[in-house]
Amino acid sequence: MVDELAVLRDQIDEVDQELVALFARRLKLVAGVGEVKSRQGVPIYAPDREASMLAKRRAEAQAQGVPPDLIEDVLRRFMRESYASENDTGFKCMNPALSKVVVVGGAGQLGSLFSHLLSLSGYQVCILEKDDWEDAESLVSDAGLVVIAVPIEQTVAIIKQLPPLPADCVLVDLTSIKAEPLAAMMASHSGPVLGLHPMFGPDVPSLAKQVIIYSEGRDSEQYQWLLDQMRIWGTRLQAVDAKEHDNAMSLVQALRHFTSFAYGAHLCAEQADLAQLLRLSSPIYRLELAMVGRLFAQDSNLYADIILSSPENLAMIRRYHSRFGELLTQLEQGDRQAFVEQFSTVSDFFGEYAQTFLKESRNLLAQANDSRHHGDEE
């Protein structure tokens with residue numbers, strides 16, 4: 001039995017080695033694709049091509065008795081690596097006549113990311129930090145694009161302090177609130193203005209499939225090249241009115257971050273044994289705990305700024321607190337039927353999205369479970 005098992009394992013090792021060689025070959029082909037895309041100005045993310053390719057591979061897998069989900073998982077993992085490697089080849093410059101780019105706060109994490117991407121796209125990029133402010137007027141005097149990438153609480157003040165910009169210079173901010181910065185830019189600069197909100201952290205390996213929200217300001221035809229440039233990077237652009245954006249972010253960011261903060265604070269106050277929780281956790285709780293822990297591995301000032309960025313955020317959190325209390329009162333009263341009825345109401349509210357989220361979460365949970373190292377936890 002031992003010899004038979006050893007033979008089978010040797011054969012599996014041989015197949016795995018063949019797979020590694022095929023993986024290496026595929027990555028080399030991807031590098032070639034990246035070079036062609038760079039020359040031709042083709043976005044690194046092509047959703048139609050991706051969907052078509054995955055559908056074909058799933059059908060081929062099904063025909064050979066291979067689980068289609070397995071093949072899709074492997075290919076999606078490959079595509080993430082592919083998108084990251086395509087960054088190394090650079091991007092086509094969509095506005096080669098642009099004089100230069102000035103990134104205010106370009107030494108920060110998000111500012112550095114955009115400075116890097118703009119440099120990879122062939123633009124001359126200058127960084128303006130607080131210690132360089134005495135040279136600000138000369139730095140921006142011939143700028144074609146000025147990007148404000150400073151902390152939220154400083155954004156409006158920095159915009160107001162900007163020296164006069166060239167009339168055709170595009171003024172852009174990267175702040176997670178939009179109405180107030182956009183109004184400040186419109187008041188400070190008579191030229192083209194655009195509000196951007198990247199919905200990702202500065203540690204992403206690629207902008208492929210990442211969302212950037214944009215709010216129109218003024219003279220959209222003069223910053224269309226910038227939107228096209230971000231599409232080349234692979235981003236998914238979403239146009240949203242500034243006030244609508246801020247209302248949505250009260251839920252998407254402020255409330256979500258606060259609830260994670262509150263749960264983490266509660267675990268800390270209870271002196272929970274995190275190692276034991278991980279040993280005893282189901283995949284869903286491990287994933288939830290990971291999302292909470294992720295918050296506390298990052299900059300506390302950033303999250304404080306996001307949550308405190310507007311009175312509407314605090315009003316949303318107060319309403320959440322009130323509803324939390326109402327639901328807790330029902331439980332304290334032993335009102336099981338009220339819980340079931342409320343659950344049903346919320347289920348109807350989610351509608352078809354509930355099944356979509358169930359399917360998506362299964363993939364996430366499988367990955368969370370695969371990443372467990374049981375020997376280290378015991």
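Strand 2 (residues 125-128) has one covered face, made by Cys 126 and Leu 128, and one uncovered face, made by Val 125 and Ile 127; strands are DSSP runs of E with at least two residues, helices are runs of H or I with at least four, and both are numbered from the N terminus. The model is a predicted one, in which local features need pLDDT of at least 70 and side-chain atom pairs count only at pLDDT 80 or more, while totals for chains, interfaces and linings use all residues. Residues are numbered from 1 along each chain as its sequence is written, and side-chain values use heavy atoms, with hydrogens and water left out.

Strand 2 pairs with strand 1 in the parallel sense over four bridges, where pairing requires that DSSP finds at least two bridges between two strands. Within this pairing, Val 101 stands opposite Val 125. Strand 1, helix 4 (residues 109-120) and strand 2 form a β-α-β unit that is right-handed, a term used if the path from the first strand over the helix to the second runs clockwise with the strands pointing away from the viewer.

Strand 1 (residues 101-104) is also joined to strand 3 by four bridges, and these two strands run parallel, with Val 104 opposite Ile 148. In strand 3 (residues 145-148) both faces are covered, since Leu 145 and Val 147 on one side and Val 146 and Ile 148 on the other are all buried; buried means under 20% relative accessible area, exposed over 50%, and partly exposed in between, for a 1.4 Å probe and protein chains only. Strand 3 pairs in turn with strand 4 (residues 170-173), again in the parallel sense and over four bridges, and Val 147 has Val 172 as its bridge partner in strand 4. Between strand 3 and strand 4 the chain passes through helix 6 (residues 152-161) in a right-handed β-α-β crossover.

A search of the whole structure finds ten aromatic pairs, counted where the ring centres of Phe, Tyr or Trp (its six-membered ring) lie within 6.5 Å, with planes under 30 degrees apart called stacked, over 60 edge-to-face and the rest tilted. Phe 258 and Phe 261 form a tilted pair, at 6.3 Å centre to centre and 45° between the planes. Because Phe 258 and Phe 261 are three residues apart in helix 9, about one helical turn separates them. Phe 258 is partly exposed, with a relative accessible area of 28%, and Phe 261 is partly exposed at 43%. Elsewhere, ring pairs link Phe 349, Phe 350, Tyr 353 and Phe 357 into a cluster.
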